[in-house]
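Hi everyone, thanks for coming. Please have a look at the screen, and we'll walk through this one together.

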Amino acid sequence: MSSAYIEAFSHATEDLNKVSKAMLNLLPPELRGKVEVSYEVVKGHYDNQIVILRTELKGEDAECFIKYIASSMSEVDKAILRATLDLRMEESRSLYLRLDKGAAYAGKFKLVDRGEAIKVKLTLTLPRGRSLRSYLSEVGLA
């Protein structure tokens with residue numbers, strides 16, 4: 001079964017509601033009201049409070065999310081994804097993305113390499129002999 005794991009950090013200087021909204025903005029509208037987001041409060045290096053927001057989608061919801069990313073991401077970011085695909089894949093089953101938190105708050109998908117990001121791990125269950133690369137190409141993501 002395919003899954004999508006999404007995680008964001010809300011630092012003490014950030015508005016937790018805005019970070020939560022940014023994370024939910026990455027989801028297709030039909031999934032936003034049905035996912036559960038967990039919140040874990042941890043301490044940072046300087047004893048500052050950090051809240052880790054997490055959610056996971058499985059099966060059809062994960063597939064819907066992947067297709068939503070593909071339809072929402074810019075052609076420039078898709079080209080970057082294609083060029084860096086080998087660096088973002090693990091064992092040809094999982095794909096890792098870092099999406100700009102500020103852009104997500106505005107409802108946009110923007111790949112980033114560093115800085116404030118929402119982390120996405122896509123793990124796909126594909127039929128034997130089918131590659132992650134070919135699946136991503138088929139859905140229009142890479």
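How many helices and strands does the secondary structure of the chain come to? There are seven helices and six strands. Keep in mind that this is a predicted model. If you trace the chain from the N terminus, the elements run β-α-α-β-β-α-α-α-β-β-α-β-α.

Now the overall shape. The C-alpha atoms fill a box of roughly 50 × 30 × 25 Å along the principal axes. A compact globule with 142 residues would have a radius of gyration near 14 Å, and the chain has 15 Å, so the two agree. Among contacts with a separation of 6 or more, 64% link residues 24 or more positions apart.

Let's go inside. Of the 142 residues, 42% are buried. In soluble globular proteins, nonpolar side chains tend to be buried together. Here, the largest nonpolar core has 38 residues, and Leu57, Phe65, Leu95 and Leu141 touch the most other members. Several elements each supply at least two residues of this core, including strand 1 (3-11), strand 3 (49-58) and helix 7 (132-139). The largest share, five residues, comes from helix 3.

Leaving out residues up to four places away in sequence, Leu57 touches several partners, among them Ile6, Leu27, Val35 and Phe65.

The chain exposes about 8,000 Å², with carbon and sulfur atoms supplying 50% of that. As for charge, the chain has 22 positive and 20 negative side chains, and the centres of these two sets lie 3 Å apart.

Technical notes: Residues numbered from 1 in each chain as written. Predicted model: local features only at pLDDT ≥ 70, side-chain atom pairs only at ≥ 80, totals over all residues. Heavy atoms only, no water. Helix = DSSP H or I, 4+ residues; strand = E, 2+ residues; numbered from the N terminus. Rg over C-alpha atoms; globule rule 2.2 N^0.38 Å. Buried < 20%, exposed > 50% of the residue type's maximum accessible area, 1.4 Å probe, protein only. Contact = heavy atoms within 4.5 Å. Areas by Shrake-Rupley, 256 points an atom, 1.4 Å probe, with all protein chains shown as cover. Lys, Arg positive; Asp, Glu negative; His and termini not counted. Charge placed at Lys NZ, Arg CZ, Asp CG, Glu CD. Core = buried A, V, L, I, M, F, W, Y, C linked by side-chain atoms within 4.5 Å.
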